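Here is a walk through one structure, residue by residue. Please keep the sequence and the coordinates at hand.

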Amino acid sequence: MTTSDLIVVGTGVLIASACALLGVFLVLRRMAMMADAISHAILPGIVVGYWLAHGPDLLSGFLGAAAAGIICVAAVEALQSSRRVGGQAAIGIVFPAMFAFGTFLVSRFFADVHLDTDAVLYGNIEFAAQDYLVVGGTVFGPQPLYVMGAMLLMNLLFVGIFFKELKIATFDPGLAAALGFSPVAIHYALMTVMSITTVGAFSAVGAILVVALMIVPAATAYLLTDRLSTMIGLAVLAGALSAITGFVLAVALNASVAGAIASMTGVYFGLALLFSPLHGLVARARRLRRQQLRLAAESLVIHLANHEGDEAESAVAHLSEELRWSADFAQRAVRTAERQGLIERQGSHLILTASGRSAVRTLRST
Amino acid sequence: MIFSDLLFDYTLRNVALGSALLGIVSGVLGSFAVLRKQGLLGDALSHAALPGICLAFLLTGTRAILVLLLGAAITGWIGALLLIRIVRDTRIDEDAALGIVLSTFFGFGIVLLTFISKRNDANQAGLDRYLFGQAAALREENVVTMAILGAVALCVVFLFYKEFKLATFDPEFAASLGFATGRLNVLLTSLIVIAVVIGLQTVGVVLMAAMLVGPAVAARQWTDRLGVMLLLSSFFGATAGVAGAMVSVTQARLPTGPMVILSLTLIVVVSILFAPRHGLIVDRVRRWRLAGARS
């Protein structure tokens, strides 16, 4: 790995961590698509900043983009509160309009210069190492590292200082209001910090990766834990891991780094979706199956109790007919009941054990 | 002059027909999406179509439009099913699920797109026009393909109109009457995938979301009846589509997608402000008069 590779990966890890910190709250507050909206809506702001500064300039691009982000949030809220347009539709009106205006400006007036529409979508983190921070003639090393380091620091401070407030406002807005800090203020603070982070990450990784890194690692963590602090840690970890493995994938395929990082966030999410012991699909299916078998074992002992002494009713082969179970399911239900010590096999028949009888009494009394 | 060009100029005629078709189909299907409060569904599905286009090209090596659109439809549909599954079976809400499908599928699409373009394959040129759309590249057979797809989608809406209407406005009642609301949901989502596929060439994956939301939101301001809303919505969609495409084709260096969306935004803003019953300005005037009458 060369130095410039390290710088690219380092930038990626910084962006991923900064985004994941905020993403956790976006996902928990069910407003993940605001990340999508803001990341697209800042484009015209960046273009106007570019135009005002006669070229790429960090500060003016930053101010323009932050202004555009705030306009987007305000416009969405205005539409939603006018009650003419529903929640998702309001977002779906505002950000495409702003993004379309931005691309119109880019393709009309800046088509041959530094800005181009593809970079808007997937950035150019590949060149992170060639973009130096120069102050008063002194070169201070790669600029993206500084910018994203500052973003990460800002977000760490924000989440660290307001952790309790964010937590209460997210899980119990009523309590937050009762305790005297306004959930609305927390909402706007979060949106502002998010806009700034998006702007910082935008030039490096484009609109789409910002969305991927804000939402996907946080959602991955949400499937893995029920504790907020653990969730934040896991989200940062998933994001950083995506940045590293995504870079490796991109180099192997000679493809876009941002795209590969976004793809890797999806891979980790897919793994958590399937295999999370807590909320994964496999664990869920297994839990359902166990529940089904437990219920089946209960119906089995009740059935046996109802027909005690009747040889024909207690035959294993008879069960599938009587309780309308498949032969396979009947076998498994019998095994489950056996394991729980509720029944015993006696030749091809089943009889209740003492604990089976007491289980029947409990079931009947409830 | 423009009118005779529309009729006789090959490119302009295809562009106008193609974008009008797109507007009609997405106007109708977008209305259902918006009324069901799924305004951003199209955003996720259109982004999910990108890897499909690239995979279809990588696997077959052709740029035949039907093959690429089939690929787009397949990954778009996979994205849709994944979305429904995540929302149904996990505690992740719809907003996050949309963002997940959108960004990861699109990210993967970008990986494929850059992978293809760096292989120096002479044939690859032009896949990236699916990002922002390029109506000028529409040819007659593309328009025919779009027309067939659109006709199929509209026929299905016509056949299931009552079911869709009920499932949209009162899903619980629909379920209690024995309609398979889950299956209706999948059917409607699949139709939206078709609308997205139709829009890929003209508007592109990035801005397709607005094509499904805008006409419906504008139409909603003018009427409270579903049938009227569908007609108005497709009219607005077609108008924006044709206007945007015309500007983009006749002016140099303007991608079609953004121009269509800007025309559409104009229609939406005018509708929200000036529509006779729900318009904000009319509303303001009415309140002002009411206040005047009271005092």
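Start with A:Gly160, which counts as exposed at 55% relative accessibility. Here buried means under 20% relative accessible area, exposed means over 50%, and partly exposed is in between, with a 1.4 Å probe and protein chains only. A:Gly160 sits in helix α7 of chain A, residues 143-161. Helices (H or I, at least four residues) and strands (E, at least two) are DSSP runs, numbered from the N terminus. From A:Gly160 to A:Ala243 is 83 residues along the chain, and their C-alpha atoms are separated by 23 Å.

A word on conventions. This is a predicted model, in which local features need pLDDT of at least 70 and side-chain atom pairs count only at pLDDT 80 or more, while totals for chains, interfaces and linings use all residues. Residues are numbered from 1 along each chain as its sequence is written, chains are lettered from A and ligands numbered from 1 in the order in which they are written, and side-chain values use heavy atoms, with hydrogens and water left out.

Now the aromatic rings. A pair of aromatic rings is described by the distance of the centres and the angle of the planes. Rings of Phe, Tyr and Trp (its six-membered ring) pair if their centres lie within 6.5 Å; planes under 30 degrees apart count as stacked, over 60 as edge-to-face and the rest as tilted. By this rule there are six aromatic pairs over all chains. One of them joins A:Phe158 and A:Phe162, a tilted pair with 5.7 Å centre to centre and 55° between the planes. A:Phe158 is buried, with a relative accessible area of 10%. A:Phe162 is partly exposed, at 35%. In chain B, B:Phe32, B:Phe160 and B:Phe164 form one aromatic cluster.

Charged pairs come next. Side chains of opposite charge can pair when their charged atoms come close. A salt bridge is a side-chain nitrogen of Lys or Arg within 4 Å of a carboxyl oxygen of Asp or Glu. The structure holds 10 salt bridges over all chains. Which residue of chain A does B:Arg91 pair with? The partner is A:Asp226, and the closest N and O atoms are 2.8 Å apart. This pair crosses between chains: B:Arg91 is in the loop between α4 (65-89) and α5 (94-117) of chain B, and A:Asp226 is in the loop between α10 (183-224) and α11 (228-253) of chain A. B:Arg91 is partly exposed, with a relative accessible area of 27%. A:Asp226 is exposed, at 54%.

Other salt bridges stay within a chain. A:Arg345 and A:Glu338 meet at 3.3 Å, N to O. A:Arg345 is partly exposed at 40% relative accessibility, and A:Glu338 is partly exposed at 28%. In chain B, the side chains of B:Glu141 and B:Arg139 meet at 3.0 Å, N to O. B:Glu141 counts as partly exposed at 40%, and B:Arg139 is partly exposed at 47%. There is also a network of salt bridges, which links A:Arg284, B:Arg85, B:Arg88 and B:Asp89.

Patches are made of residues with over 30% relative accessible area and no salt bridge; like charges are joined within 9 Å, and nonpolar side chains (Val, Leu, Ile, Met, Phe, Trp, Tyr) within 5 Å. A:Arg286, A:Arg287, A:Arg290 and A:Arg294 form a positive patch. A:Arg287 lies in helix α13 of chain A, residues 281-306. A:Arg287 is partly exposed, at 39% relative accessibility.

The nonpolar patch consists of A:Val267, A:Leu271, A:Leu274, A:Phe275 and A:Val282, with about 420 Å² of accessible area together. Which helix gives the most to this patch? Helix α12 of chain A, residues 257-275, does, with four residues. A:Val282 is in helix α13 of chain A and is partly exposed, with a relative accessible area of 32%.

Finish in the loops. A:Arg30 has a positive phi of about 60° although it is not a glycine. A:Arg30 is in the loop between α1 (3-28) and α2 (33-41) of chain A and is exposed, at 52%. A:Asn254 also is not a glycine, yet has a positive phi of about 55°. A:Asn254 is in the loop between α11 and α12 of chain A and is partly exposed, at 42%.

How values were computed: Areas by Shrake-Rupley, 256 points an atom, 1.4 Å probe, with all protein chains shown as cover. Lys, Arg positive; Asp, Glu negative; His and termini not counted. Charge placed at Lys NZ, Arg CZ, Asp CG, Glu CD.
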